[in-house]
Each structure stands twice: as C-alpha cells, then as structure tokens.
Amino acid sequence: MTRTILDLTGLKCPLPALKTRKALKPLKAGDQLEVHCTDPLSVIDIPNLIRETGDKVEITERNEARIVFLVEKSDAP
C-alpha cells in the first residue's frame, strides 16, 4: 500500500475533480491518495467523483485554509 499526496491548492472547479480522477487511474487496490484542495466546491465534487469510481473517501481535515481528502482505491473495476 502506498500513499500519494496530490496538491490541488489554488485550483477551481472542475480541475480538482478532474485531476483527482486522473491521479486515481494508475493506483492499485489499497493504495491511498491524499488530496489537498482549497476550492469549497470540492467537498461536493470529489465525494461525487469517488462515488462514481467505487472507491472510498473521507474528509480528514476541513478548515478555512484547506480541505484534505483521503481516498482509498478499491478493487472495483
């Protein structure tokens, strides 16, 4: 299992979701992607994206400065 950090601070919708999707593709089941965002819409967009991909997501940090998601790649096709 590996953890990759994806820094998307400063990017606005839809770029955080698009770049998260692209970063998830090469990961293997059990790998984790830690996504750092500043766009307030990412709290909607990224969980919706992960619901589509079948992976698991949780918000691990949310404050006025940033939002951090931890996404775990599942073995779903």
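## Getting oriented

Two strands count as paired if DSSP finds at least two bridges between them. Helices (H or I, at least four residues) and strands (E, at least two) are DSSP runs, numbered from the N terminus. This is a predicted model, where local features need pLDDT of at least 70, side-chain atom pairs count only at pLDDT 80 or more, and totals for chains, interfaces and linings use all residues. Residues are numbered from 1 along each chain as its sequence is written, and side-chain values use heavy atoms, leaving out hydrogens and water.

Four of them form an open sheet in the order 1-2-4-3, with mixed pairing. Strand 1 and strand 3 (56-62) stand at the edges with a single partner strand each, so one side of each has no neighbour in the sheet. From one strand to the next, the twist averages 20 degrees.

Strand 1 and strand 2 run parallel, joined by six bridges; Ile 5, for instance, has Glu 34 in strand 2 as its bridge partner. Strand 3 and strand 4 are antiparallel, also over six bridges, and Glu 58 stands opposite Leu 70 in strand 4.

## Two helices on the sheet

Helix 2 packs on the sheet, where it touches strand 2, strand 3 and strand 4 (contact means heavy atoms within 4.5 Å). Its direction makes about 5 degrees with that of strand 4; axes are lines fitted to C-alpha atoms, for helices over the stretch in contact, and angles run from 0 to 180 degrees between N-to-C directions.

Helix 1 (residues 15-24) packs against helix 2 at an angle of about 35 degrees, and their axes lie 9 Å apart. Residues that meet here include Thr 20 and Leu 24 in helix 1, and Ile 46 and Ile 50 in helix 2.

Is strand 2 buried or exposed? Six of its six residues are buried (under 20% relative accessible area, with a 1.4 Å probe and protein chains only), so strand 2 is largely enclosed by the rest of the structure. Gln 32, Glu 34 and His 36 lie on one side, while Leu 33, Val 35 and Cys 37 lie on the other.

Terms used
Buried < 20%, exposed > 50% of the residue type's maximum accessible area, 1.4 Å probe, protein only.
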